[in-house]
Amino acid sequence: MMLATPETGLIGVLILFALLLAGLPIGVALGLVGMSGLVLVLGLEPALIKGGVVLVDTLTRYELGTLPLFMFMAHLFFSSNASRDLFDAAAKMVGHRRGGLAYASVGGCAGFGAINGSSLATAATIGLVALPEMRKRGYSDALATGTVAAGGTLGQMIPPSGALIVFGIIAEQSIGKLFTAAIVPGITQALLYCLVIWIVVRLRPNAAPASERATWAERRAALGKIADMVLLIALVIGGIALGWFSPSEAASIGAAGALAIAAWRKRLNRDMLMKAFEETLRTSGLILMVIIGALVFSVFISVTGVTDAVGAWVTGLALGTVPTLLLVALILLLLGSVLDGLALMLLTTPILLPVVESVGMSAIWFGIFLCRAMEIGFVHPPLGMNLYVIQGVAKDVSINRIFKGVMPFLASDLFHLLIIILFPALALGLPELLGN
Amino acid sequence: MSALRKSVTLIGGIALLAATGIDAIAVIGRNLGLPLRGSIELVQVAVLVAGSLALLVATVDNSHAKVHLLVDRMSDAARAMLDRISALLGALFFAALLIGSLWLMADLWTGHEQSEIVGVSWRAMRLFANIVFAAIVVALLGQAIRGKRP
């Protein structure tokens, strides 16, 4: 145990950082550094057995079912044309206002975020339906692309969120509590985006011309198309928040409901089901690999005591709660400019969570805060994955123009992050109120 | 899609459907006063099957998450080399996990571990998982030797 020192842990973190930047799969990099570190610190036999225990324990965790089943639900909805129906309904309701289709895109992203937990998938799917519509109606490229790139990040915050499920498993926190805590930040984030659109349209009316008003009959028809989905989503999220069922059970209810809705819409067939199986298994495998690697890495980090050392160092600075959290936010934003969301979460959770807890904040709050910081990484260069996803949809719009369009939303994201730091009740209020 | 690949997807999919059905029935049953005993154990089995096959599918499809900041700026040859090294290191990591898991299985083999309520044989489940992990190691070694399929 001579090597079980914070310095060993720190060297491990630096090697991991280098391997991640070198393009090694995130799960493999985390797992290899963790396993090699455990061999050095504990010896070969205990390290191998620990690895075996982590592998089997992870794959037999009941809560782990939450992840593939929510993904299964999302893939079933993809096949049922959910993204177009959600955007259409929002567009019929507010599309006639100046900037209305941009508001509708945010609404569509929020709705689609509630049936899938991925920022990239939300940006890509809503982008496919919303961007051509906005450009056809004369919206500026910058506003149209910026809105969908930023709106896509709602997919990660609004429950069920893939990032929060992974965080819950890694940090051993209640996924139900995390989902409940994400509801108000998700809603306020969407409202801030709407405020940004309102301001942009006020300053530059030509950026988003008004279009024709849909009749109430058209609106009712559009709302009727999404009623089943909205009811199911409300049941799933509401059921978790009110404690009617656990997140794993909610995922099953969601998947069973999505199957029933697909059958009701006459879209359920063998090919569609096989495609949903295939996509669900592929995406779940990708995330499981990262979770297993991260758990092995976490064991190594905790054995070296680096988290205690960092915690003691930060406590020694005696900065106080808000400055410490601002420092943590700065670290996350800096790392987020070179690491993608999952890597950022898995690298920083074992180290920064104890620091945040040492200044009196809860792990649930940190999960929301981290998720928000990850979302910002999706829309700021040089990584800004959502920007590239949107460029893939609108190929003739330059990345610089998309970035210009997303800038006001990025400013609102930073403001929102600050609000979450200054008013933790934004995240923690609802779980406390509902007593879950 | 090859027959083997289709079978893997189908078995994984059936496990997903099983987990969906068991938990959904358990929730409905609980609310009707007819609790489904052992539902958690059965879902654990379905999750183990779906999860281990999901790892295999993601590995065979080369769809593991990476940081692309530097990789996207590399030449094709450098990227191909890096892919092979990644696959080799992935095989090494999974081989280490497999050895640990086999070690545990060997230690517990004669213990005939069973779940408490429905008596699921964990020995059989460990065996299934280890066969899938071994397939993952083989797939990664194949990618390291041949290079990844585009």
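User: What's the relative accessibility of A:R137, and what does that count as?
Analyst: A:R137 has 26% relative accessibility, so the residue counts as partly exposed. On that scale, buried is under 20% relative accessible area, exposed is over 50%, and partly exposed is in between (1.4 Å probe, protein chains only). Before we go on: this is a predicted model, where local features need pLDDT of at least 70 and side-chain atom pairs count only at pLDDT 80 or more, while totals for chains, interfaces and linings use all residues. Residues are numbered from 1 along each chain as its sequence is written, chains are lettered from A and ligands numbered from 1 in the order written, and side-chain values use heavy atoms, with hydrogens and water left out.

User: OK. Which residue does A:R137 form a salt bridge with?
Analyst: A:E133, with the closest N and O atoms 2.8 Å apart. A salt bridge here is a side-chain nitrogen of Lys or Arg within 4 Å of a carboxyl oxygen of Asp or Glu.

User: And how many salt bridges over all chains?
Analyst: The search of the whole structure gives 17. One of them joins A:E63 and A:R61, with 3.2 Å between the closest N and O atoms. A:E63 is partly exposed at 34% relative accessible area, and A:R61 is partly exposed too, at 23%.

User: How many cross between chain B and chain A?
Analyst: Three, by that rule. Among them, A:R282 and B:D61 meet through their side chains at 2.7 Å, N to O. That pair runs from helix α14 of chain A to the loop between α2 and α3 of chain B (helices are DSSP runs of H or I with at least four residues, strands are E runs of at least two, and both are numbered from the N terminus). A:R282 counts as partly exposed at 21%, and B:D61 does at 23%.

User: What about B:R5, which side chain meets that one in a salt bridge?
Analyst: A:E278, at 2.3 Å, N to O. There's a network here as well: salt bridges link A:E278, A:E279, A:R282, B:R5 and B:D61.

User: How much area is buried between the two chains?
Analyst: About 5000 Å², with carbon and sulfur atoms giving 79%. On the chain B side, B:L16, B:V67 and B:F93 lose the most area to chain A, together 14% of what that side buries. Buried area is the accessible area (1.4 Å probe) that two parts lose on being put together, summed over both. The size of an interface is often given that way.

User: Which residues does A:E249 touch, beyond its sequence neighbours?
Analyst: Leaving aside neighbours within four places, A:E249 is in contact with A:Y62, B:D23, B:V27 and B:R30. The side chains of A:E249 and B:R30 make a polar contact of 2.7 Å. A:E249 sits in helix α13 (residues 247-264) of chain A and counts as buried, at 8% relative accessibility.

User: Switching topic: how many aromatic pairs are there over all chains?
Analyst: Nine. One of these is A:F297 with A:F300, a tilted pair at 6.3 Å centre to centre and 55 degrees between the planes. The rule pairs rings of Phe, Tyr and Trp (its six-membered ring) with centres within 6.5 Å; planes under 30 degrees apart are stacked, over 60 edge-to-face, the rest tilted.

User: Where do A:F297 and A:F300 lie?
Analyst: Both are in helix α14 (residues 270-304) of chain A, three residues apart, about one turn of the helix. A:F297 is buried at 0% relative accessible area, and A:F300 counts as buried at 2%.

User: And which residues form an aromatic cluster?
Analyst: A:F167, A:W365, A:F366 and A:F369 form one.

Terms used:
Contact = heavy atoms within 4.5 Å. Polar contact = N/O pair within 3.5 Å; in protein donor to acceptor, adjacent residues only side chain to side chain.
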